[in-house]
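Here's a quick briefing to read alongside the model. Have the sequence and the 3D view open as you go.

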Amino acid sequence: MYRFLLTPRWWGINVFVLLAIPFCIFMGSWQLSRFEDRIQDHRTASEQAAAAKTAAARPLAGLLPVDKRTSGRQATATGRYDSGRQLLVPDRELDGRRGFYVLTMLRTDGGRALPVVRGWLPGTAGAAKVPAPPTGEVTVTGALQASESPGSNGVSAAGGLPAGQTGAISSAALVNLVPYDVYDAWITLTKADGGMKAVPATAAQGTGLDLKAFQNLGYTGEWFVFAGFVVFMWFRLLRREAEFARDAELGIVPPETDAKGEPDANGESEARVEAEAEAKS
């Protein structure tokens with residue numbers, strides 16, 4: 001009854017099943033490992049953030065370039081604030097309130113400038129509300145952060161901001177706003193000056209349990225469901241083919257069908273005539 005398994009059609013079906021199941025299991029396992037990696041990154045980032053609050057600050061040059069390991073670490077830099085290059089970063093939330101960051105360029109001895117978030121103020125961004133930066137040479141200490149990208153960590157992707165404002169704190173966004181080179185990093189002061197509120201450091205991109213992490217978990221379930229579906233369909237086709245083979249052995253065959261898949265009226269008439277003839281005989 002199972003001789004049909006040796007036909008070319010079923011050889012093709014069996015090969016497909018034998019390849020599809022391991023592939024689905026591999027892809028599901030890979031997506032699960034991606035989710036586990038994101039969980040580990042989240043734990044590591046949390047541990048680093050806790051350790052950074054008590055760790056001694058290190059010179060900026062020793063922490064560059066910014067990566068998952070150095071993001072959030074306390075860094076120090078010495079230079080002079082460029083009071084004429086003070087920028088506002090609007091639509092930033094802190095403690096459930098809407099406000100803006102005050103971003104000032106710190107000119108270092110290396111000729112480049114370090115973007116420094118001196119603090120946060122509530123309300124609509126306005127230059128009249130911003131306290132002037134300290135004068136003379138200063139040494140700042142704050143949490144090191146990587147350049148922002150629009151759409152991440154609450155960064156607005158909207159353009160067309162007024163002069164003196166920027167939507168993202170990044171070297172790419174600042175290169176057209178200041179006449180000198182900018183570090184591909186920025187710091188947020190541990191203690192804000194001028195009566196402003198200090199801006200807490202954010203976790204490095206790709207280290208949080210965000211939507212992408214749970215997408216990996218969802219894809220894991222989908223691949224394992226696909227593997228189960230392949231097995232289910234194989235058993236269903238096998239049972240259906242076995243039933244057809246058993247019916248053929250018992251002489252129970254489905255009515256002939258025409259080209260459209262409908263029962264053939266001529267076939268039914270001939271079968272009826274033959275049945276009547278046998279009854280009369």
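How many bridges join strand β2 to β3, and do they run parallel or antiparallel? Ten bridges join β2 (residues 74-94) to β3, and the two run antiparallel. Before the rest, some ground rules: this is a predicted model, where local features need pLDDT of at least 70, side-chain atom pairs count only at pLDDT 80 or more, and totals for chains, interfaces and linings use all residues. Residues are numbered from 1 along each chain as its sequence is written, and side-chain values use heavy atoms, with hydrogens and water left out.

**Overall picture**

- You're looking at four helices and six strands; helices (H or I, at least four residues) and strands (E, at least two) are DSSP runs, numbered from the N terminus.
- Going along the sequence, the order is α-β-β-β-β-β-α-β-α-α.
- Of the 281 residues, 33% are buried, where buried means under 20% relative accessible area, exposed means over 50%, and partly exposed is in between (1.4 Å probe, protein chains only).
- Take the contacts (heavy atoms within 4.5 Å) between residues at least 6 apart in sequence: 67% of them join residues at least 24 apart.
- The protein exposes about 17,200 Å², and carbon and sulfur atoms supply 57% of that; accessible areas come from the Shrake-Rupley method with a 1.4 Å probe, and for residues, only the protein chains shown count as cover.

- Strand β3 covers residues 97-108, and nine of its twelve residues are buried, so the rest of the structure largely encloses it.
- Two residues sit between the strands in the β2-β3 hairpin, where Asp95 has a positive phi near 55°.
- β3 is also joined to strand β4 (residues 113-122), by nine bridges in the antiparallel sense.
- The β3-β4 hairpin has four residues between its strands, and Gly111 takes a positive phi near 95° in it.
- β4 is mostly covered as well, with nine of its ten residues buried.
- β4 also pairs with strand β6 (residues 186-189), this time in the parallel sense over two bridges, and Val117 stands opposite Thr188 in β6.

**Salt bridges**

- The structure holds four salt bridges, each a side-chain nitrogen of Lys or Arg within 4 Å of a carboxyl oxygen of Asp or Glu.
- One of them links Glu241 and Arg9, with the closest N and O atoms 3.5 Å apart. That pair spans distant parts of the chain: Glu241 is in helix α3 (residues 211-249) and Arg9 in helix α1, 232 residues apart. Glu241 is partly exposed at 22% relative accessibility.
- Asp95, the hairpin residue with the positive phi, forms a salt bridge with Lys197, and the closest N and O atoms are 2.6 Å apart. Asp95 is in the loop between β2 and β3 and Lys197 in the loop between β6 and α3, 102 residues apart. Asp95 is exposed at 59% relative accessible area, while Lys197 is partly exposed at 38%.
- Asp193 and Arg118 form a salt bridge too, with the closest N and O atoms 2.9 Å apart. Asp193 is in the loop between β6 and α3 and Arg118 in strand β4, so the pair ties together parts 75 residues apart in sequence. Both partners are buried: Asp193 has 18% relative accessibility and Arg118 has 1%.

- Asn14 lies in helix α1 (residues 8-52) and counts as buried, at 18% relative accessibility.
- The Asn14 side chain makes a polar contact with the side chain of Trp234 at 2.8 Å. A polar contact is a pair of N or O atoms within 3.5 Å; within protein, one must be able to donate a hydrogen and the other to accept it, and residues adjacent in sequence count only if both atoms are side-chain atoms.
- Setting aside neighbours within four places in sequence, Asn14 is in contact with Leu5 and Trp234.
- Val15 is also found in helix α1, and is partly exposed at 42% relative accessible area.
- Val15 belongs to a nonpolar surface patch with Leu6, Trp11 and Leu19, with about 460 Å² of accessible area together. Patches are made of residues with over 30% relative accessible area and no salt bridge: like charges are joined within 9 Å, nonpolar side chains (Val, Leu, Ile, Met, Phe, Trp, Tyr) within 5 Å.

How values were computed: Two strands pair if DSSP finds at least two bridges between them.
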